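Here is a short note to read with the structure open beside you. Find each residue as it comes up.

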Amino acid sequence: MWARIMREHFKAKSPRSWMLRFHTQTAGSTLTAQQPENNIVRTAIQALAAVLGGTQSLHTNSYDEALALPTEQAARIALRTQQVIAYESGAAQTVDPLAGSYYIESLTNEIERRAAEYLGKIEQMGGMLRAIERGYVQQEIQNAAYEYQQAVDRGRGDCGGRDRFGVDQEKPIAIQKIDPALEPKQIERVRALRAKRDAGPWKIALQGVEDAARSGENLMPRIVAAVDAYATVGEIADAMRRVFGEYREAVVGLKFSYADLFIGGTSSGRPYFSCV
């Protein structure tokens, strides 16, 4: 799809621009807090699928991420998962190990067909920016989450260790605990940085970011210059916010009324919701 769109829609001439390079991260939404060691297996299967699908870059989630930030041990296991696939599975020794599989090819065709339908809908709306402004993208994400939860509630989205195959008593695992004292220390580091930096280059660099945002020129060199002048990430972001504003998620598809509370209310005494 990428190659065809680049050639036919954007009229790209260089074959290098027809190549789709992509990064894959395993699905954090599938990690469970119950029996979290099972997440190691989930992540390994997802990572292998990504490699078989030709990914050029891969991130594997740590098994304890449903509970807290990863511990060093959990992060090491995530890394070793990639290394086992790379050096022991043999999957990386073949360009396309699943080529010719009827099942895989049929799924690929189905994904392409449905993705083309999505692109067609978005084009009819006037493009991706217009679709975002109308709330279409966020609504589709919300619908997918709702449909998944419905499947779980009906017993069709079972997760081992959470919805099935439970244990009477969970064994606690060590999780990463962040020392609260780190926050005031970091605040003091930023204050000290601001106190000792040269205000002249700092102001000029931040103004450069804002000017580039207004003119439409490449922002990256100006951002790098601002970092070199010891501007903070927040200050650089504020300079761009003054030009671009801040994205606010569109609220679509939902009506909310407190009217029932004042004219007798519902039997539960709760406000009602209705989809439009």
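Predicted model: local features only at pLDDT ≥ 70, side-chain atom pairs only at ≥ 80, totals over all residues.

1. **The core.** Start with the largest nonpolar core, which has 13 residues. Among those with the most contacts inside it are L206, L219 and A231. Helix α8 gives the largest share, six residues. As a general rule, nonpolar side chains in soluble globular proteins tend to be buried together.

2. I236 is itself listed with the residues that have the most contacts inside the core.

3. M1, I5, F10 and L119 make a nonpolar patch of about 350 Å². L119 sits in helix α4, which covers residues 102-125. Is L119 buried, partly exposed or exposed? Its relative accessibility is 42%, so L119 counts as partly exposed.

4. **Salt bridges overall.** The whole structure holds 13 salt bridges. Some of them join into a network: E110, R113 and E117 are linked this way. Three separate pairs follow.

5. **E72 and R76.** These side chains meet in a salt bridge, at 3.3 Å from N to O. Both residues lie in helix α3 (residues 72-88). They are four residues apart, about one turn of the helix. E72 counts as exposed because its relative accessibility is 63%, over the 50% cut-off. R76 has a relative accessible area of 39%, so R76 is partly exposed.

6. **R130 and E133.** This pair also forms a salt bridge, and its closest N and O atoms are 3.8 Å apart. The two residues belong to helix α5 (residues 128-133). Because R130 and E133 are three residues apart in that helix, about one helical turn separates them. R130 is partly exposed, at 40% relative accessibility.

7. **E217 and R222.** Here the side chains meet in a salt bridge of 3.4 Å, N to O. E217 has a relative accessibility of 37%, so E217 counts as partly exposed. R222 is at 28%, and R222 is partly exposed too.

Conventions: Residues numbered from 1 in each chain as written. Heavy atoms only, no water. Patch = residues over 30% accessible without salt bridge, like charges linked within 9 Å, V, L, I, M, F, W, Y side chains within 5 Å. Areas by Shrake-Rupley, 256 points an atom, 1.4 Å probe, with all protein chains shown as cover. Salt bridge = Lys/Arg side-chain N within 4 Å of Asp/Glu carboxyl O. Buried < 20%, exposed > 50% of the residue type's maximum accessible area, 1.4 Å probe, protein only. Core = buried A, V, L, I, M, F, W, Y, C linked by side-chain atoms within 4.5 Å.
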